[in-house]
Amino acid sequence: MTIESQAISYVPETIETPRMPGRPRHVLPAQACDAHCHVFGPYDRFPLQHASSYAAPDASAERYLMMLDTLGAQRGVLVQPAPYGTNPAALLDALAQGQGRLRGAAVADASVSDAELQAMADAGVRALRFVEARDPAGRLFPGSIGFEQVAVLAPRMKQFGLHAQLWGPSDVYAQHLPSLARLDLPLAIDHMGSLTPARGYTDEVFELLCAQLAEGTIWMKLSVCRVGTAPGYADVKPLHDAFVAANPDQVVWGSDWPYVRMGANAPAADALIDLAWDWLGTDALRQKVWVDNPARLYGF
């Protein structure tokens, strides 16, 4: 599956135990979905393809499924992290262990074959992830496939029922999103567009995302932990509420477990669920965000 046969396998010398949640105060609706998490390892079976720039987490499929069960989420979406490059082995193994309750966002470049795309789709992959984060020299971080590759892959993504999942600093959306929106391909935006809450409603990226969301061109992942200020995230609530109001049928929720790069500042996923429960406010909206919308986007 687009395995990087020439890449040097990298087994981290130390691994970090991710923060595990407790039980949320609120019971999620039946078939609720956490639409953004990652699995790593076990590294003896699934070594990284690129040395990680962050502490490698001990986030196996077994531990991830335990995390979902603790939250009371029957469904989940796994996103392939950059250190695995275009090697989907760990992701596909986790999808198999999920026995139908999981879907995935893999990573591939233009060299991927139709047979590989078909096999990934058959395994539960519903998206390809594109990352436009670059180092000070302008180079993509190792293992990332940039936004310019969306157009290259779009015809075959449509053929195999895959959408594009996008992550990058907020300003890159102003540069890329208008042209990507013309591809007639569903686009899911990670981490609320990486907005800076202090910019407020007049931020051109926020205005663009709201407009595209209202038009139905994009989907938005309501993941607050890398956008707002913990623990209450009050600064991001107005943006969250604006996205929900713009198109309540195309927003989904994700915890972002196991919180790479966050260390001791990692939130508790159960607290994030309780926060979202309060912010969403009604059972009808909770049903949309946690159940109905992810079921349509990910084909549950």
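**Figure 1. Phe206 and Phe243, a buried ring pair in a predicted model.** Phe206 and Phe243 are both buried, where buried means under 20% relative accessible area, exposed over 50% and partly exposed in between (1.4 Å probe, protein chains only). This is a predicted model, in which local features need pLDDT of at least 70 and side-chain atom pairs count only at pLDDT 80 or more, while totals for chains, interfaces and linings use all residues. Residues are numbered from 1 along each chain as its sequence is written, and side-chain values use heavy atoms, with hydrogens and water left out. The ring centres of Phe206 and Phe243 lie 5.6 Å apart and the ring planes stand at 50 degrees, so the pair is tilted. Rings of Phe, Tyr and Trp (its six-membered ring) pair if their centres lie within 6.5 Å; planes under 30 degrees apart count as stacked, over 60 as edge-to-face and the rest as tilted. The pair links distant parts of the chain, with Phe206 in helix α6 and Phe243 in helix α7, 37 residues apart. Helices (H or I, at least four residues) and strands (E, at least two) are DSSP runs, numbered from the N terminus.

Figure 2. A search of the whole structure finds 8 aromatic pairs. In one of them, the rings of Phe40 and Tyr54 have centres 6.2 Å apart and planes at 85 degrees, so this pair is edge-to-face. Phe40 and Tyr54 are 14 residues apart, and each sits in the loop between β1 (33–37) and α1 (61–71). Phe40 is buried at a relative accessible area of 2%, and Tyr54 is buried at 13%. Ring pairs link Phe40, Tyr54 and Tyr84 into a cluster.

**Figure 3. The salt bridge between Asp190 and Lys221.** The whole structure holds 16 salt bridges, each defined as a side-chain nitrogen of Lys or Arg within 4 Å of a carboxyl oxygen of Asp or Glu. The side chains of Asp190 and Lys221 form one with an N to O distance of 3.9 Å. This pair links distant parts of the chain: Asp190 lies in the loop between β6 (187–189) and α6 (204–215), and Lys221 lies in strand β7 (residues 218–222), 31 residues apart. Asp190 counts as buried because its relative accessibility is 0%. Lys221 is also buried, with a relative accessible area of 1%.

Figure 4. Asp58 and Arg63 meet through their side chains at 3.4 Å, N to O. Asp58 is partly exposed at 26% relative accessibility, and Arg63 is partly exposed with a relative accessible area of 23%. Lys237 and Asp241 form a salt bridge at 2.6 Å, N to O. Both lie in helix α7 (residues 237–246), 4 residues apart, about one turn of the helix. Lys237 is partly exposed at 30%, as is Asp241 at 29%. Elsewhere, salt bridges that share partners join Arg25, Asp274 and Asp278 into one network.

**Figure 5. Helix α8 and its packing.** Helix α8 (residues 269–280) has 12 residues and reaches 16 Å from its first C-alpha to its last, close to the 16 Å expected at 1.5 Å a residue; the expected span is 1.5 Å times one less than the number of residues. Of its 12 residues, 10 are buried, so α8 is largely enclosed by the rest of the structure. The buried residues include Asp274, Trp277 and Trp279. They pack against α1, α7, β8 (251–253) and α9 (283–298), contact meaning heavy atoms within 4.5 Å. Just after α8, Gly281 takes a positive phi of about 85 degrees.

**Figure 6. The open sheet of 8 strands.** The strand order is β1-β2-β3-β4-β5-β6-β7-β8, with parallel pairing; two strands pair if DSSP finds at least two bridges between them. β1 and β8 stand at the edges with a single partner strand each, so one side of each is left without a neighbour in the sheet. Neighbouring strands are turned by 25 degrees against each other on average, direction ignored. Strands β3 (residues 102–106) and β4 (residues 125–131) run parallel and are joined by 3 bridges, and Ala106 stands opposite Leu128 in β4. Helix α7 packs on the sheet, touching β7 and β8, and its direction makes about 145 degrees with that of β7. Axes are lines fitted to C-alpha atoms, for helices over the stretch in contact, and angles run from 0 to 180 degrees between N-to-C directions.
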